[in-house]
Amino acid sequence: MKHTTGFPIPILLWSSPFPRYGTQEFNKVHHFTMERSLGTFVGTNLSPIWERYLVQSEELHITLHRAETSNDCIQCQHTSSPLGNGALVETSDKKILVLQRSNKVGEFPGYFVFPGGHPEPQEVGIISHDGFKELNQCRPINSKVSQEMFDSIVREVVEEIGAPADSLSSPIFIGISRRVLNVRPTAFFFIKCNLQSDEIQQLYSSAEDGFESTQLYAVSMSDLENMASKMPGCHRGGFALYKLMEQDANNS
């Protein structure tokens with residue numbers, strides 16, 4: 001079986017400019033056409049010449065003039081751009097969990113990140129490129145893809161920090177961030193954990209994917225502000241989305 005890196009980024013159609021916090025589904029998910037293999041990801045987004053795959057400004061202007069479409073979807077149409085995921089996990093003592101990536105990983109070694117990874121196409125029955133046109137037209141598959149976005153982030157948090165699934169709240173989708181470097185998009189979620197930070201530290205020592213990181217931090221908002229400069233761009237964007245969510249909650 002091929003190694004996959006997640007779904008291609010969806011086009012999300014919302015009734016307002018910003019997603020409504022607390023939604024439990026991706027409204028009208030489109031363009032889930034096929035899985036992205038590790039080879040296509042390495043060959044486009046992770047390539048040293050990744051910028052050559054982007055649609056340049058003049059061509060982009062012409063395309064946008066012909067159809068009303070997202071700039072990102074056109075600019076990045078020749079890259080793999082699999083949709084990753086990440087979670088801002090809040091403990092019962094109001095700390096946010098941050099991992100420091102191992103120096104042995106391929107992307108961003110030593111950087112601070114939120115727990116996450118990517119959804120798995122195989123979980124919804126997409127195991128090859130064959131028949132992807134039919135799948136794209138199938139509403140049940142789109143519904144399963146939407147649910148996999150939420151199921152997968154729970155799996156990633158359990159595997160990376162060691163907290164049991166029943167200690168986690170249902171994920172709240174807060175938005176998508178795309179980093180400038182190699183245009184990789186990531187869907188971010190907010191999850192509450194009913195354990196205290198010291199309890200999670202103990203569980204982290206036996207986390208299934210603990211080898212991907214060297215340290216788990218439970219930090220305050222001010223600490224997170226200081227760590228953000230050593231995060232990949234998409235995770236800095238995830239932090240910005242979290243702050244917007246907090247501001248929205250405080251103003252309501």
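Lys94 is found in the loop between strands β3 (84-90) and β4 (96-101); helices (H or I, at least four residues) and strands (E, at least two) are DSSP runs, numbered from the N terminus. The model is predicted, so local features need pLDDT of at least 70 and side-chain atom pairs count only at pLDDT 80 or more, while totals for chains, interfaces and linings use all residues. Residues are numbered from 1 along each chain as its sequence is written, and side-chain values use heavy atoms, with hydrogens and water left out.

The phi angle of Lys94 is near 65°, a positive value in a residue other than glycine. With 55% relative accessibility, Lys94 counts as exposed; buried means under 20% relative accessible area, exposed over 50%, and partly exposed in between (1.4 Å probe, protein chains only). Lys94 also forms a salt bridge with Glu90, and the closest N and O atoms are 3.5 Å apart. Glu90, at 10% relative accessibility, counts as buried.

Side chains of opposite charge can pair when their charged atoms come close. A salt bridge is a side-chain nitrogen of Lys or Arg within 4 Å of a carboxyl oxygen of Asp or Glu. A search of the whole structure finds three of these bridges. One of them joins the side chains of Glu148 and Arg155, at 2.5 Å from N to O. Glu148 is buried, with a relative accessible area of 3%, and Arg155 is partly exposed at 26%. Another joins Glu225 and Lys243, at 3.3 Å from N to O. Because Glu225 lies in helix α7 and Lys243 in helix α8, this pair ties together parts that are 18 residues apart in sequence.

Lys243 also lies over the face of Phe239, at 4.6 Å from the ring centre. A charge sits over a ring if NZ of Lys or CZ of Arg is within 6 Å of the ring centre and within 35 degrees of the ring normal. The charged end of Lys230 is placed over the ring of Tyr111, 4.6 Å from its centre. Lys230 belongs to the loop between α7 (221-227) and α8 (233-251). Not counting residues up to four places away in sequence, Lys230 touches Gly110, Tyr111 and Phe112, where contact means heavy atoms within 4.5 Å.

The structure also holds five aromatic pairs. Rings of Phe, Tyr and Trp (its six-membered ring) pair if their centres lie within 6.5 Å; planes under 30 degrees apart count as stacked, over 60 as edge-to-face and the rest as tilted. The rings of Phe173 and Phe189 have centres 5.7 Å apart and planes at 55°, so this pair is tilted. Phe173 lies in strand β7 (residues 172-178) and Phe189 in strand β8 (residues 185-192), so the pair ties together parts that are 16 residues apart in sequence.

The interior can be described through its nonpolar cores. Such a core is a set of buried Ala, Val, Leu, Ile, Met, Phe, Trp, Tyr and Cys residues joined through side-chain atoms within 4.5 Å. The largest has 27 residues, and Val157 and Ile161 have the most contacts inside it. Helix α5 (139-161) is among the elements that each supply at least two residues of this core, and α5 gives the most, with eight residues.
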